[in-house]
Amino acid sequence: MDQIVQDILSDRVRVSGGITAMTLTGDGRLRWTDGPQRSLTLEKQVLGFVVEGNKIRIRAVVDGRDEICCGGSAGSIVRKDFVFEPLSEDSKRLWCEKLRDFIDSFGRPKRLYIFVNPFGGKKIASKIFLDDVKPLLEDANIQFTVQETTQQLHAKEIVKGLDLSKYDGIVCVSGDGILVEVVNGLLEREDWNDAIKVPLGVVPAGTGNGMIKSLLDLVGEPCKASNAILAVIRGLVADIDIESEKYRWMGSARIDFYALQRILYLRQYNGRVSFVPAPGFENHGEPSTYSEQNICNPIPSQQQPIKILQQGYQGPDVDLKNLEWRIINGPFVAVWLHNVPWGSENTMAAPDAKFSDGYLDLIIIKVCPKLALLSLLSNLNKGGHVKSPYVAYLKVKAFILEPGALTQEPNREGIIDCDGEVLARGKGTYQCDQKSLMSYDKLQITVDQGLATLFSPV
């Protein structure tokens with residue numbers, strides 16, 4: 001039997017000069033009888049409303065496919081206002097009260113702290129904020145504080161001292177790198193256990209937008225700034241073990257890897273990967289044992305006071321010695337770690353990755369002929385590369401990387417990076433003024449499930 005939905009409010013109002021019946025239904029739809037568009041869904045389409053004299057202006061978004069004649073495009077979101085006029089002051093007051101109560105029931109954020117990275121990707125984050133993010137936030141009556149980042153780790157340092165009680169969430173208009181900084185800053189706070197529960201949002205404006213691409217792809221929405229900020233405005237959150245996303249590693253800079261030049265002058269690295277397999281992946285590699293010797297953790301310089309490090313998150317409480325470890329020896333072309341499917345908007349590096357399943361997806365590209373590598377990489381946009389016989393794809397609970405030197409040049413080593421941000425450089429890598437955060441040595445990673453919270457479209 002279909003459930004009967006009772007109307008919350010029904011009245012006659014003036015729309016476009018004519019009198020029509022308008023109803024606010026119990027399931028959150030605003031309906032009227034006249035005009036080309038005759039209904040709006042409060043949760044999905046309505047951002048907010050303002051009173052203008054005797055009129056009420058509804059701030060909304062509609063599917064661009066319905067507004068192509070007005071500048072929209074398929075898959076895009078178009079801002080649109082709907083104006084109606086109640087026929088009395090009491091009716092206007094009642095409409096405002098019921099609309100406000102219904103919108104407030106969604107638990108949407110009211111105050112946001114926003115990081116904008118003007119240097120990432122194509123350097124258009126500031127423009128994306130002004131053109132796509134700010135107008136939608138204003139339509140939703142959300143207050144916000146904007147901070148442009150000026151250097152690497154700027155966002156991390158701000159978050160470590162930010163008064164989180166003033167905000168309902170933090171949004172990064174950037175690639176995945178600033179999101180990683182924010183998570184790290186929250187985890188280094190004395191109150192990290194509460195701080196990490198603050199919802200985080202990402203608006204794609206960088207080179208790698210894998211996290212928001214993965215979130216939007218779940219609901220079939222395009223990876224666009226408007227769709228991303230709507231996920232924040234609508235207030236939905238999801239628990240995600242996001243901390244582990246920062247440890248994606250390759251033998252060379254991630255962006256250069258995809259270039260044809262890197263294939264033609266292919267680099268192969270010695271090294272070793274140890275891991276604790278998820279159920280069903282126990283046949284990968286050879287049996288091994290856990291050793292604590294020379295484990296390199298990604299922590300700040302030892303010049304920092306030890307007491308500061310001990311105040312923050314200390315990692316998951318896992319007895320690594322008693323787990324069933326296995327090992328795969330190099331040489332390798334690349335080693336990646338993911339906990340979301342998309343590494344960037346056109347790279348589905350880990351097609352079987354699931355949010356907050358408690359595992360990392362490990363992708364190892366073994367030494368292979370150049371033509372086979374070219375074919376393999378051409379399938380990255382659909383995840384087909386994992387079917388290659390030169391790729392090992394498995395899920396792991398813990399992971400240790402022992403990076404090595406180039407097979408062809410034993411005196412030259414590689415780079416450990418996090419979404420393109422260098423964490424460690426080996427011998428003979430390119431020179432720059434940026435300081436490494438850790439040594440090019442053994443790196444251990446363990447997953448902590450559901451550590452952070454993200455604004456989500458689902």
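1. Tyr-113, Phe-115 and Tyr-167 make up one aromatic cluster. Rings of Phe, Tyr and Trp (its six-membered ring) count as a pair if their centres lie within 6.5 Å; planes under 30 degrees apart are stacked, over 60 edge-to-face, and the rest tilted. By this rule there are eight aromatic pairs. The rings of Tyr-113 and Tyr-167 have centres 5.3 Å apart and planes at 80°, so this pair is edge-to-face. Tyr-113 sits in strand E8 (residues 111-116), while Tyr-167 is in the loop between helix H3 (154-161) and strand E10 (169-174), 54 residues apart. Helices (H or I, at least four residues) and strands (E, at least two) are DSSP runs, numbered from the N terminus. Both Tyr-113 and Tyr-167 are buried, meaning under 20% relative accessible area, with exposed over 50% and partly exposed in between (1.4 Å probe, protein chains only).

2. A quick note on the source: this is a predicted model, where local features need pLDDT of at least 70 and side-chain atom pairs count only at pLDDT 80 or more, whereas totals for chains, interfaces and linings use all residues. Residues are numbered from 1 along each chain as its sequence is written, and side-chain values use heavy atoms, leaving out hydrogens and water.

3. Another pair worth a look is Trp-192 with Tyr-313: the ring centres are 4.9 Å apart and the planes at 65°, so it is edge-to-face too. Trp-192 belongs to helix H5 (residues 192-195) and Tyr-313 to the loop between helix H10 (306-311) and strand E15 (325-329), so the pair ties together parts 121 residues apart in sequence. Tyr-313 is buried, with a relative accessible area of 17%.

4. Strand E2 (residues 18-25) and strand E3 (residues 29-32) run antiparallel and are joined by three bridges. Thr-23 has Arg-31 as its bridge partner in E3.

How values were computed. Two strands pair if DSSP finds at least two bridges between them.
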